[in-house]
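The stops below are meant to be selected one after another.

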Amino acid sequence: MHGIVIKNTGSWYTVKTDDGQVIESKIKGNFRLKGIRSTNPVAVGDGVDIVVNAEGTAFITAIDDRKNYIIRKSQNLSKQSHILAANLDQAFLIVTVAHPETSTTFIDRFLASAEAYSVPVVLVFNKTDLLDADARHYQEMMVNLYETVGYECRQVSAVTGEGVDDLSKLLHDKVTLLSGNSGVGKSTLLNLFIPNADARVAAISDAHDTGMHTTTFSEMMELPQGGYVIDTPGIKGFGTFDMEPEEIGSYFKEIFRFSKDCRFNNCTHTHEPGCAVRKAVEDHYIAESRYQSYLSMLHDKDESKYREAF
């Protein structure tokens, strides 16, 4: 029997079969994916084969080839990965410039990982209703930066509804991952996309102006207009996984473009003479924040330098 994993609670996977049944399933035996050291070898969005047992539950016996996935370094096991979701048409990265502030390093790491695994990303700037003049100006600068790089950006308010209708149109008949730091408003947006989702919403922690986790597992939910949204727990950090240093520049669109003019084809863009990328940073064709994010990812190969809270 074949189906799609629509929920992962850790040890159990909820599978929706091709004929519409919903069956709680477990991994059979020592099930592992070749070449991926993961804390969750099966992810929400995966197509799987299952064998139903006498109790009405099932074992997952095989997994379909994935067209793509979003992966990050496991928080507790740095040599392993955690797959957020698989087989995506797009990802919405929900960010906020205040209450709480999403760091550009986090954004850039997510975008680079999505580039590496062929997942298109829309940057959704939420909580525009809370911005004062300075914060709004900063957000406009951020939007201009990422649109110039080549990413679609949307400015919305889940509270007032500003921009939400246009955003929801992008979900039609697609499988979309919702991701971002805790507290950026993913659950509030999800309740607007799917009125009966009843996603729990938590207030921002006054002490730290950061979000408190309200989603504790990944879940795929059907949209009224067709398509699916995959809701994921809020993530504090986004450690990149299994990227070789010489690959990382190709996952930054503008660095990749300028790197073609470097004197050396194996240029790391850190110290080499004739580096077109460093020249582009000096001339402000590449944003300093993006270049610093690139450098921080180069350092990820040194395990002692990896810090969770990026």
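How many aromatic pairs does a search of the whole structure find? The search finds 4; rings of Phe, Tyr and Trp (its six-membered ring) pair if their centres lie within 6.5 Å, and planes under 30 degrees apart count as stacked, over 60 as edge-to-face and the rest as tilted. This is a predicted model, in which local features need pLDDT of at least 70, side-chain atom pairs count only at pLDDT 80 or more, and totals for chains, interfaces and linings use all residues. Residues are numbered from 1 along each chain as its sequence is written, and side-chain values use heavy atoms, with hydrogens and water left out.

**Stop 1: an aromatic pair**

Select F252 and Y294. Their rings are edge-to-face, with 6.0 Å from centre to centre and 85° between the planes. The pair links distant parts of the chain, 42 residues apart: F252 is in the loop between α5 (245–248) and α6 (253–259), and Y294 is in helix α8 (residues 288–298). Helices (H or I, at least four residues) and strands (E, at least two) are DSSP runs, numbered from the N terminus. Both F252 and Y294 are buried; buried means under 20% relative accessible area, exposed over 50%, and partly exposed in between (1.4 Å probe, protein chains only).

**Stop 2: charges over rings**

Select K253 and Y151. The charged end of K253 sits over the ring of Y151, 4.1 Å from its centre. For this term, NZ of Lys or CZ of Arg must be within 6 Å of the ring centre and within 35 degrees of the ring normal. Next, select R66 and Y69, where the charged end of R66 is over the ring of Y69, 5.4 Å from its centre.

**Stop 3: helix α2**

Select residues 133–149, which form helix α2. Just after α2, G150 takes a positive phi of about 130°.

**Stop 4: T232**

Select T232, in the loop between β13 (227–231) and α5. T232 is buried, with a relative accessible area of 1%.

Conventions
Expected span 1.5 Å × (residues − 1).
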